[in-house]
Structures are given as C-alpha cells and as structure tokens.
Amino acid sequence: MTEINLENRKNRKLTQEKALKVNLDSRIYGTIVEIGAGQETARQFFNAGAAAGTVAKTMSAYDMQFSDDVYGKAGRYVSRERCEQMLQHEYALLIKRLDQSRGEESCFFSYAATVTARSYSQKNECHGWIGVRRQLTPHAEPSEIILHVRMLDDTNRQQSEALGILGVNLVHGAYYHADDPKAIIDNLQDGMGHDKRIEIDLIHFSGPDFAKVENRLMNLHLIHSWSCRAVMFAPSGESIVPAAALRKKDTVVIRGSFKPPTKVHMDMKEVAVKHFSQEEGVELDKILVVAEITMNELSGRGEDADSDFLARVDLLNELGFSVLISDYLRFFRLRSWIRRYTQSRIGIVLSVLDFDYLFAEEYYEGLEGGILEAFGKLFSDNTNVYVYPSIRNGKLITLDSVDVGDDLSYLLKHLTHNRAMVSADIQDVTNLQISAREVIKQIPHGRGDWENCVPEVVAKRIVERKLFGYQDDVSEK
C-alpha cells in the first residue's frame, strides 16, 4: 500500500473516530443543515454509525425560494447573514419541538453551512460560511462559532469531502474543547492531510460560554495554526473577510511595525493617497488604505504579546486604518495575495530604508529567478511602489539618492523610469527624524518628548490605557 493511501486511511479514520465519539455521546443532539456541496457533514456522521443518537434532522434547501420560505430573505445566499439565519431558525425549532420531551438530558446544537463550491460551468470563487450553535449543559443559553472558509481543492467532490471533515471537527471541537477556543482552531484541519484544502480567514466566538474570548486574538491564531496566511480588521475593530474588504477596491498598503503608529506613518499615508489618486482609473473615494504588520513583527506569545498586538490594532483603527496581519515577509507575496481579491490598482508605500532588504539579493534565496523574478511579480499589472524619504546619519535619503550598489542600479533606474517606483513627496521634513524604535524605548519612562512624535490621539490613548509599558510618574519612583 502506498504512503498516500496510508495517509488517506489515517485521515478517514480520524474523522470517523471524531464523528463516532459525538454520536455515542448521549448528551449531544441536534440538526445539520447544509446548502451547497451536498450534505457531507451529515454523511460523515451517518457513515460513522450510531448517528440516530445525534442527528434529529438533516436538510438542504437548495432552491432560493424554498430557502427564503424556511429562513427568510437574505441579501446574499452565501453570507454570514444567511448562515446565522439558518443556525437561529434550526436551533429555535429544536427547543420548540424537543425541549419538553428531552431537554433535561440533551445539549442541543444546530450546525449550518452555506457555500458555493466548484461549478461545472465556471471557475468561481469557492467559499462559504459555516457555524455551530450549541448548549454545553441542558437548558443553558447557547453559544456560537462562525467561520468563513475558502475551498482550495480542484473539484466539487474534493471540496465537498473537505467541508464534511471540517464540519465534524467544528462540532467535535465545540463540545470537547469548549474551554479552549485556540484548541478548537488547532483541530479544525484534522484529517485534511498535508495538502492545504481549506483556508479559514475569519472566526467569531459569541455567547455566554465565550464571553471572555477576544475575537481579534482568535483570528490572529488562525495564522499561528496555519489555517490562513493573513487576517484583516476593519477600522471599527471587527474581523472582516479579506475578499469582501478588498473586492473592486484600489488598495494602498503601508507596511510597518506601528509600535507605535507615528507621525511619519501618517505622512506616508497622506502622500501615498495623493500620488495614488492621480493614477489612471483611481477614484479618491474608493481607495482602501491598509496598515499591514507582518507576523515577524509580532514576536512572542502570551499576555504581553497579546496586549502589544491589540494595542497596535486599536491605535491604527482609531487613526482610520483597516489592519492586515500577514505571514508574507516578501513584498511580492503580499502583492500576489491582494491581487487574489481585487483586479484594481495596488499601491505599496514604504520607507527608503526598506531598500536594505528590498534590494538585498540574499532576501530572495530559493527563487529560481532571484531578485528579477521577485520584482517581476511585485511590479506586474497595475502596481506602484511609493518610496518615502528618510534620514540616516543626518543625511537625507530619497529614491533619487539611495544607493543600491552598481549591480542593481540599472534595475532601479528601469523601475523609476517606468513609474513602477515613485518618489513620494516629503509631507513634513521635521517628522523624518522620528524613529518608532526610539519612541517605544521612551514610553515606559512616562510622559515626554515621545508624545510629539505620534499623532495626538495616539499619545492620549497610550497614557490613558498605559500601553507599551507606559507608567505614570516614573521619575518620582
């Protein structure tokens, strides 16, 4: 037997064992409703055996009119709104019909999935919303877990199978890892094998059992668990689906540590938007500005690292940024990820100091075409890089004066001549002296000159909430 067949058998056995464990648990009883990609989650539970002890009903309301008659109207059929309608409706029916007869002994659940899988007629975006609403003890108020997923398999059959495995993992985790949301996330990919089959780019926990859960940290954990490579947060602070946020948007990305956001970052934003709005086809009111932080800038785990991450997201949101956390260290990978969701223009703004690694050939080790391949991917269709000046050792460095070495100077000239790289105007020359690394060193010592280096609202929030180790009256202690 081949190694691949052995792995497939092992994965099927793991899924079957999880489904059977749920089926043999006399407490767990509920409904499974699935729209799109068949009834694969229900099939997994039935194939495992003893499903009569778990499944009260399964259903697929594929026809839109049938679906509307059952669940009510929805703006889009593959949407969070529809998934939540399904969960709430089915759970309410369980309570109405079964609470009196078996409510003393049962922990009810409703599982729902609304997805668009691979079509025979077109290569559509394959994604969906999946959720579970469940009690942990009889008569308790329910709690809920909602996911947004992208299916990565090539065929409808494979995508359906992967969704069934995910469904079993979600129901199993909702009960057996109820006190550890990170463990729920870690186990969602069980039984999928080594190949990436499902990407989970949003998760939301709600209800009394998850009252203390910080959903932004759970979404960050999606990257730690390799469920996805990037997550996004709206200016409101809510987790958002990248595809929905970026769709048809002209997007400007500013990469930084933002620890903390400084006046330089705001200058870079204003100048980049000014240049970007002058590009062909770009409308000012349709520009999405995203502050991106790479995972290597979020080192460490634990409460301190969590507080540091949340502080940065909060401050960027307050400044009006959408926030992207990504695992893409190289710029061309980031650009390719954005292009997955929008065909509109992309602008990337960076400091000229970033050239230290942007033009470092060792930075592209492992690429067959090296730096030329990387730049070919970075500067392909409708992409511009705006380079903001900086000061190093008292000397002003701009795109026109930066030294990338003789070997790469002609490459730089080619990029600037064709406006792939654009020199960004200086917004405020006095701000060029600001270094976020120096600011963060000063904050723990209390109030001081660092406050003049950050936007007023950032200084205010750091002091009010004692962010980044800030302490009052350090000099008096």
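Reply: Val115 is buried, its relative accessible area being 6% (buried means under 20%, exposed over 50%, partly exposed in between, with a 1.4 Å probe and protein chains only). This is a predicted model, in which local features need pLDDT of at least 70 and side-chain atom pairs count only at pLDDT 80 or more, while totals for chains, interfaces and linings use all residues. Residues are numbered from 1 along each chain as its sequence is written, and side-chain values use heavy atoms, with hydrogens and water left out.

Me: In which strand does Val115 lie?

Reply: Strands (E, at least two residues) and helices (H or I, at least four) are DSSP runs, numbered from the N terminus. By that numbering, Val115 belongs to strand 3.

Me: In what order do the six strands form the open sheet?

Reply: Two strands pair if DSSP finds at least two bridges between them. The edge strands, which pair on one side only, are strand 2 (55-59) and strand 6 (198-206). The pairing in this open sheet is mixed, and the order is 2-1-3-4-5-6.

Me: How many bridges join strand 5 to strand 6?

Reply: Strand 5 covers residues 143-151 and runs antiparallel to strand 6. Met151 stands opposite Ile198 of strand 6. The bridges joining strand 5 to strand 6 number eight.

Me: Which residues is Val115 in contact with, leaving aside its neighbours within four places in sequence?

Reply: Contact means heavy atoms within 4.5 Å. Met151 is one of the residues that Val115 touches.
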